Amino acid sequence: MPYIPFTDEQKQLANSVDLAEYLRVRGEKLERAGVEHKLIYYDSSGKHDSITIRGSKWFDHKNQTGGGAIKFMQEFYGMDFQTAVQELLGQRVTPLSHSPPKTIAKEEKKEFKLPEANANMHRVYAYLIKQRFIAPDIISYFAKQHTLYEDKEHHNAVFVGVDENGVPRQASKRSTNSYGNSFRITCQGSDTRYSFAHFGESKRLYVFEAPIDMMSFLTLYPKDWQKHSCIAMNGVYENAVLAALKNHSNLSEVILCVDNDEGGIEAVGRLKDILSENGYTDVKRLAPKFKDWNEVLKAKNGVKALPAVPHKRKEEYLKEVSELGYLKCRPDKLTSQIYATFKNGQYKYLAEYALALYH
């Protein structure tokens with residue numbers, strides 16, 4: 001197609017399109033999650049809801065990537081920049097029905113089946129104790145609950161999530177390989193409402209990103225740990241947390257123990273909003289000193305640990321917001337004022353307009 005010289009205003013307008021509204025018109029399925037929406041899509045492993053949308057911004061929690069409306073069209077509909085801008089501006093090049101999203105095409109849900117268990121757990125024990133420094137009694141506890149075992153084919157560690165009746169509904173595999181690239185994947189057909197967890201009698205639920213983080217925390221703080229509840233989300237998805245709270249009426253206090261990096265910091269605000277929307281307001285954050293809880297455990301055992309990763313953009317945002325005042329404005333003049341402010345590069349004033357609109 002011939003090159004179209006879009007103006008800066010057109011590019012800005014296309015990139016600020018309300019994605020949730022646009023995708024609804026396009027026929028995609030979305031679910032409300034606090035102040036955000038989740039995009040529901042299917043692939044070979046079943047149903048997914050890892051992409052959250054707020055206004056013109058989106059974030060894929062599974063792949064830790066995100067951006068504005070234009071990038072969304074490029075990533076999920078395979079469009080080039082010019083086609084994406086035209087679509088978002090309403091200048092359609094091809095019928096929408098002829099350009100299905102490359103990752104949102106619905107496929108038949110796969111049946112969930114646990115990997116075949118190995119006769120012993122020698123490699124899993126060796127990996128978790130020698131490389132991850134997790135206490136043997138913590139490993140043995142979950143092994144006896146049949147929520148942790150070693151698979152027969154590749155000797156991976158398998159972490160199992162069971163439903164309220166003790167039936168396995170979800171599983172994730174973690175490589176125990178000491179060499180080469182390690183991996184962590186969710187088994188096909190897994191129900192995301194369940195995950196690797198322990199449920200005690202107290203009102204407290206500790207929430208982690210991954211099973212090894214959770215077991216590392218229990219190793220670091222072993223006193224009376226079985227009295228409380230803990231769950232690994234396998235990322236930063238809230239489904240398993242909400243299901244756990246719903247199925248265990250004693251739980252009312254949530255401690256978010258996610259990673260101390262950009263993804264984890266972003267997740268704290270999002271999860272707090274979603275939990276509040278569902279009636280859970282007693283939510284706190286407990287951040288590890290290093291990148292995650294296993295890095296803390298490594299440091300305790302004399303191994304060089306990965307440092308925490310500050311969220312530079314959020315820190316700058318909070319600094320700017322703390323210095324902002326409220327701006328008096330006339331609604332009938334707001335559009336022209338915003339355009340003039342953007343054109344002149346007065347971005348701090350744009351933040352003030354946003355605050356004025358919010359309040």
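Lysine 246 counts as exposed in this predicted model, because its relative accessibility comes out at 71%, and the cut-off for that label is over 50%. The residue sits in helix 8, which spans residues 239–247.

Helix 3, residues 69–77, has a set of buried residues: Ala69, Ile70, Phe72, Met73, Phe76 and Tyr77. They cover an arc of only 160° around the axis, so they end up on the same side of helix 3. Just past the end of this helix comes glycine 78, and here the backbone takes a positive phi of about 65°.

Then there is the pairing of helix 5 (residues 122–131) with helix 6 (residues 136–144). The two pack at an angle of about 145°, and their axes are 10 Å apart. Their crossing is right-handed. On the helix 5 side, the contact is made by Tyr125, Leu128 and Ile129; helix 6 brings in Pro136, Ile139, Ser140 and Ala143. Sorted by class, the contact between helix 5 and helix 6 comes to six nonpolar residues and one polar, with no charged residues.

Note on methods. Residues are numbered from 1 along each chain as its sequence is written. This is a predicted model: local features need pLDDT of at least 70, side-chain atom pairs count only at pLDDT 80 or more; totals for chains, interfaces and linings use all residues. Side-chain values use heavy atoms; hydrogens and water are left out. Helices (H or I, at least four residues) and strands (E, at least two) are DSSP runs, numbered from the N terminus. Buried means under 20% relative accessible area, exposed over 50%, partly exposed in between (1.4 Å probe, protein chains only). Axes are lines fitted to C-alpha atoms, for helices over the stretch in contact, and angles run from 0 to 180 degrees between N-to-C directions. A crossing is left-handed if the near helix is turned anticlockwise from the far one by less than a right angle, and right-handed if clockwise. Contact means heavy atoms within 4.5 Å. Ala, Val, Leu, Ile, Met, Phe, Trp, Tyr, Cys and Pro count as nonpolar, Asp, Glu, Lys and Arg as charged, and the others, Gly among them, as polar. The arc is that of the directions from the helix axis to the C-beta atoms.
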